[in-house]
Amino acid sequence: MATIHLNDGDKAFIEEQVKAGHYEDADAVLHAGLRLLRSQKAKLTELRAMIGEADRQIENGEYVSFSSTDDLTDYIVKKAMARK
């Protein structure tokens, strides 16, 4: 296993989290941080996929343009009503 070197600020933060009772020990703090990083990575991957799909739709002309906010509002309302 790799050795982990923490700066004084990180060590203090971990100690604060344990002392406050948020985590049982330093390992639990580090595991929580890793879970958060994994979650953020998954969300970023999903967001990139959504952006890629939107780009593809625009390139294929699969979009709707509106000349006013009223037109946009009417479109949204009609789409909502059609879902019922």
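What follows is a walk through this structure, from the overall layout down to single side chains.

Keep in mind that this is a predicted model, where local features need pLDDT of at least 70 and side-chain atom pairs count only at pLDDT 80 or more, while totals for chains, interfaces and linings use all residues. Residues are numbered from 1 along each chain as its sequence is written, and side-chain values use heavy atoms, with hydrogens and water left out.

Let's start with the overall layout. The protein chain has three helices and zero strands, taking helices (H or I, at least four residues) and strands (E, at least two) as DSSP runs, numbered from the N terminus. Read from the N terminus on, the elements run α-α-α. The radius of gyration of the protein chain is 24 Å, well over the 12 Å that the globule rule gives for 84 residues, so the chain is more spread out than a compact globule. That radius is taken over C-alpha atoms, and the globule rule is 2.2 Å times the number of residues to the power 0.38. Along its principal axes, the C-alpha trace spans about 55 × 30 × 25 Å. As for burial, 5% of the 84 residues count as buried; buried means under 20% relative accessible area, exposed over 50%, and partly exposed in between (1.4 Å probe, protein chains only).

Now for the helix packing. Two packed helices are described by the angle between their axes and the distance between the axes. Here the axes of helix H1 (residues 8-19) and helix H2 (residues 26-59) come within 9 Å and cross at roughly 110°. Axes are lines fitted to C-alpha atoms, for helices over the stretch in contact, and angles run from 0 to 180 degrees between N-to-C directions. H1 and H2 are therefore roughly perpendicular to each other, a label for angles of 65 to 115 degrees, with under 35 roughly parallel, over 145 roughly antiparallel and the rest oblique.

Which residues in H1 and H2 meet? On the H1 side they are Ile14, Gln17 and Val18, and on the H2 side Ala26, Val29 and Leu30, with contact meaning heavy atoms within 4.5 Å. By class, this contact of H1 with H2 has five nonpolar, one polar and no charged residues. (Ala, Val, Leu, Ile, Met, Phe, Trp, Tyr, Cys and Pro count as nonpolar, Asp, Glu, Lys and Arg as charged, and the others, Gly among them, as polar.) Gln17 counts as buried at 16% relative accessibility. Leaving out residues up to four places away in sequence, Gln17 touches His22, Tyr23 and Val29.

On to the charged side chains. The structure holds two salt bridges, each a side-chain nitrogen of Lys or Arg within 4 Å of a carboxyl oxygen of Asp or Glu. Arg56 pairs with Glu53, the closest N and O atoms being 2.6 Å apart; both lie in helix H2, three residues apart, about one turn of the helix. Glu62 also bridges to Arg56, with the closest N and O atoms 3.6 Å apart. Arg56 is partly exposed at 33%, Glu53 is partly exposed at 33%, and Glu62 is partly exposed at 43%.

Finally, look at helix H3 (residues 69-83), where Met81 sits. Met81 counts as exposed, at 51% relative accessibility. The C-alpha atoms of Met81 and Ser68, 13 residues apart along the chain, are separated by 20 Å.
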